[in-house]
Amino acid sequence: MRWDLPEEAGRLEAVLWRNRALTLFDRVAVPAAVCDARGMVVLANPAMAAESGTTPGRLRGRQVLELFRPQEATQVERIVEALRLRHRSRYEVSVRWQAPGGAERYGELTADPVSDTVEELPSLLVMLRVLGEHEQRGGAPVRVSESEGQVLVLLARGATTAQAARELGLTRDGVTYHLRRLSARWQAANRTELVAHAYALGVLSPGVWPPALAAGATEPADPG
């Protein structure tokens, strides 16, 4: 009559740990969600819901990439193909979205595939890193120099410093100089943030592949 007690105790312990995990998930300040392999939200914490101006329950069943719009379509295509092949890497997508107050924010989604077995189609643990808000500057466009613009385009295409140098006929130090100037100007901590800023500020054209400069993004040439 008592052979099932260990199994019952195991189930109760599993429920206890699940509830603890859900409580921790809700209290984490970082916006986070669990999605299925297609990107549909299964579970979201209050911090993630706050970025969409709603409640966690109302995010369930929504497509995460409709809530947070990708700035590079090919990033999403690469992730879909990798998941189809059961790859277990961390994936990053530069995104933008409208905050509850109406401001346009930009940031980065990271997606970690999680599953009990390698063969099982994974779920995705998605976390959002807010990098900033798109600045409205009285309609004045944000411009970069021609060289800075060319470096940004190659960076968005995935080029390394050495590849960008060869493409532009610069030294590696020359490319690094432009990257440092842009990073200091936009307070970008790394190359991912730099590309995100370039899209958010309208320097790079959104939804275009291969990446390209937006019209009027470079400073006019000095007539002198």
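Mentor: First, a term: contact means heavy atoms within 4.5 Å. Also, this is a predicted model, where local features need pLDDT of at least 70 and side-chain atom pairs count only at pLDDT 80 or more, while totals for chains, interfaces and linings use all residues. Residues are numbered from 1 along each chain as its sequence is written, and side-chain values use heavy atoms, with hydrogens and water left out.

Trainee: OK, what is Val-153 in contact with, leaving aside neighbours within four places in sequence?
Mentor: Leu-204, Pro-211, Ala-212 and Leu-213.

Trainee: And where is Val-153 found?
Mentor: In helix α6; helices are DSSP runs of H or I with at least four residues, strands are E runs of at least two, and both are numbered from the N terminus.

Trainee: Why does Val-153 count as buried?
Mentor: Because its relative accessibility is 10%, and buried means under 20% relative accessible area, with exposed over 50% and partly exposed in between (1.4 Å probe, protein chains only).

Trainee: New topic: how many aromatic pairs are there?
Mentor: Rings of Phe, Tyr and Trp (its six-membered ring) pair if their centres lie within 6.5 Å; planes under 30 degrees apart are stacked, over 60 edge-to-face, the rest tilted. By this rule there's one aromatic pair. Phe-68 and Trp-97 sit edge-to-face, 5.2 Å centre to centre with 80° between the planes.

Trainee: Where in the chain are those two?
Mentor: Phe-68 is in the loop between α4 and β3, Trp-97 is in strand β4, and they're 29 residues apart.

Trainee: Are they buried or exposed?
Mentor: Phe-68 and Trp-97 are both buried.
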